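Hello,

Here is the structure I said I would pass on.

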Amino acid sequence: MADAIVIGSGPNGLVAANLLADAGWHVVVLEAADAPGGAVRSDRGVDPEFVSDLFSSFHPLAVASPAVRGLGLEEFGLRWSHAPAVLAHPLPDGRCATLHRDGGAPDPDRLERMFGAHDAAAWQRLADRWDRLDPHLVNALLTPFPPVRPGAAIAARLRPSGLLDLARFLALPVRRLAEEEFEGEGPGLLLAGCALHADLLPEAAGSGAFGWLMAMLGRRYGWPVPVGGASALTAALVGRLESAGGEVHCGQPVREVVVRNGTALGVRTADGRGHRAGRAVLADTAATALYGGLVGWEHLPGSLRRDMRRFQWDFATVKVDWALRGPVPWSAPAAGRAGTVHLGADLDELGDYAHQVLTGRLPARPFALFGQMTVADPTRSPSGTESAWAYTHVPQRVTADLGPDGITGRWDRREGEAMADRVERQVERFAPGFRDLVAARRILTPPVLHSLDGNLVGGALNGGTAAPHQQLFLRPVPGTAGPRTPVARLYLASASAHPGGGVHGACGANAARAALSAHRRSPARFLPAAGPRR
Ligand SMILES: Cc1cc2nc3c(=O)[nH]c(=O)nc-3n(C[C@H](O)[C@H](O)[C@H](O)COP(=O)(O)OP(=O)(O)OC[C@H]3O[C@@H](n4cnc5c(N)ncnc54)[C@H](O)[C@@H]3O)c2cc1C
């Protein structure tokens, strides 16, 4: 019998499993898909000579996360690679705002050349604010809420007036932040594009802080990619776990968490087999799949059922992967050196797009995040070619198509192709001739994403909205926030729990720590354990 069963082998599940194995627990991970990794996987499905990341690609959160860093994955084969520039936001007229990694040692001349003297100074003030709080802010975000120790460290660094100023700054919409700080449009666009990695409109409270966080992580750590593809990160997590005696079994969808007298005893897989867990069950699953799904409502309080009815998913996603015959012909050459390129003409276009997605209307001009993977890691495709992708957000429920294709949200083959063409037209605005380079493409519509990873419900990629009403102590729902659940020995370990989406493993780490601490507090309540396997 395992001490702990982890349902799902996404980054959160695997980080949790590693921490439990480090504590001497025997851990078994049961994964529904045929391969481990959740939304951290790569393949050669577009073209056998090209590695394509199926989902996540850039991993600043992993390198910044104490939970992942502490695992020492480099010892298990993980190597990081960086594009020459972190992020570019080209404009249709050929100008381009670019973000570089400086590791905390800024290059004022480069900043001034790019943004002009006024905005270079303003950008540097944002960087200084980050440096003053580093690493406590990241630690505060990636530890259980409330973040007592990092919070105290931040308070010690800022006087009360500084704390008030920080609180205001963190609440700012990115549009307002840009208005207050910058004269030109480049820096604000970089930040607004970063905020749209989550479902945060430029006008939404907190979008400034989210954009700033992603941009400053890029400045400090870069947005690195695993050499060889996203699966290399998963392989390191699995390799480390197995070396500590843990097991990962794929093709094992869990259908039920077995609960008796309010306590999780184990799980049942789709083949009808029962798997007992002596100490804990950790669910790296969507909150909506756990509550009322794997655990029946009869085992859960009525208030949770009511709260879960209000659970809000983040935007759906359409992703296109390409094998390109040559480098992307950007009008702004600087964009060719960045790993990530944001494609939207100006702040109004970004705002309109996000508002349309939020209100069910499929944008005619989709803001796209574009990944140049061979620029970031030359092992991804033959020399002179480019392994690329772009994704754009679409409504969870399409009520109207503002483009010419009559897309209804059925996402059948025709609608997928039409949306992919629309994304390619958006790329063409900034890189005329792009479509001539396409040797092969693969389209991942919302239902396809969901079928590949059950946590990507309706094509949502962050485990639920990143809006303030579903964050921190309100995630996934107010009464049952964080990793603890109403069922003893059952923990929510996925991005549906605080701190949410991204490859940082913090949700898994929080769940593992909660399980370990419950076991330490009352070991007698637990079933006899299989004993350490190390
Ligand atoms: C297209 C896309 C692009 C992204 N880009 C980035 C990026 O560049 N950088 C970044 O930091 N983040 C990115 N993200 C977000 C990030 O990948 C996720 O937030 C992260 O993977 C969440 O990790 P997780 O472990 O909570 O869940 P997941 O990674 O989704 O893993 C959950 C796993 O659990 C399994 N599972 C679910 N239910 C069951 C069950 N009943 N039985 C057994 N197994 C089950 C699933 O099959 C899956 O393998 C992206 C996501 C997507 C979809």
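The second largest cavity is lined by Pro11, Val15, Ala62, Val68, Leu233, Leu237, Val503, His504 and Gly505. Two helices each give two or more residues to this lining: H1 (11–22) and H12 (231–243). The space inside the second largest cavity is about 30 Å³. Please keep in mind throughout that this is a predicted model.

With a cut-off of 30 Å³ or more, the count is 2 cavities. The largest cavity holds about 150 Å³ of space. Its lining has 15 residues, and those nearest the centre are His100, Asp102, Leu111, Trp123 and Arg219. Strand E7 (96–99), helix H4 (108–115) and helix H5 (117–133) are the elements that supply two or more residues to the lining of the largest cavity. Of these, H4 has the largest share, with 4 residues. Sorted by class, the lining of the largest cavity comes to 8 nonpolar, 3 polar and 4 charged residues.

Now the ligand. Which residues come nearest to it? Out of 32 residues around the ligand, they are Asn12, Glu31, Phe58, Asp453 and Gly502. By class, the shell consists of 15 nonpolar, 13 polar and 4 charged residues.

- Gly502: a polar backbone atom lies 2.7 Å from an oxygen atom of the ligand.
- Ser57: a polar backbone atom lies 3.2 Å from an oxygen atom of the ligand.
- Asn455: an N or O atom of the side chain lies 3.5 Å from an oxygen atom of the ligand.

On its own, the ligand has 1,000 Å² of accessible area, and the protein covers 93% of that.

Regards

Conventions
Residues numbered from 1 in each chain as written. Predicted model: local features only at pLDDT ≥ 70, side-chain atom pairs only at ≥ 80, totals over all residues. Heavy atoms only, no water. 1 Å grid on protein atoms, 1.4 Å probe; cavity = no way out; pocket = protein on both sides within 12 Å on 5 of 7 lines; lining within 4 Å. Points joined across faces, edges and corners; volume = space filled by probe spheres on them. Nonpolar A, V, L, I, M, F, W, Y, C, P; charged D, E, K, R; others polar. Near = heavy atom within 4 Å. Polar contact = N/O pair within 3.5 Å; in protein donor to acceptor, adjacent residues only side chain to side chain. Areas by Shrake-Rupley, 256 points an atom, 1.4 Å probe, with all protein chains shown as cover.
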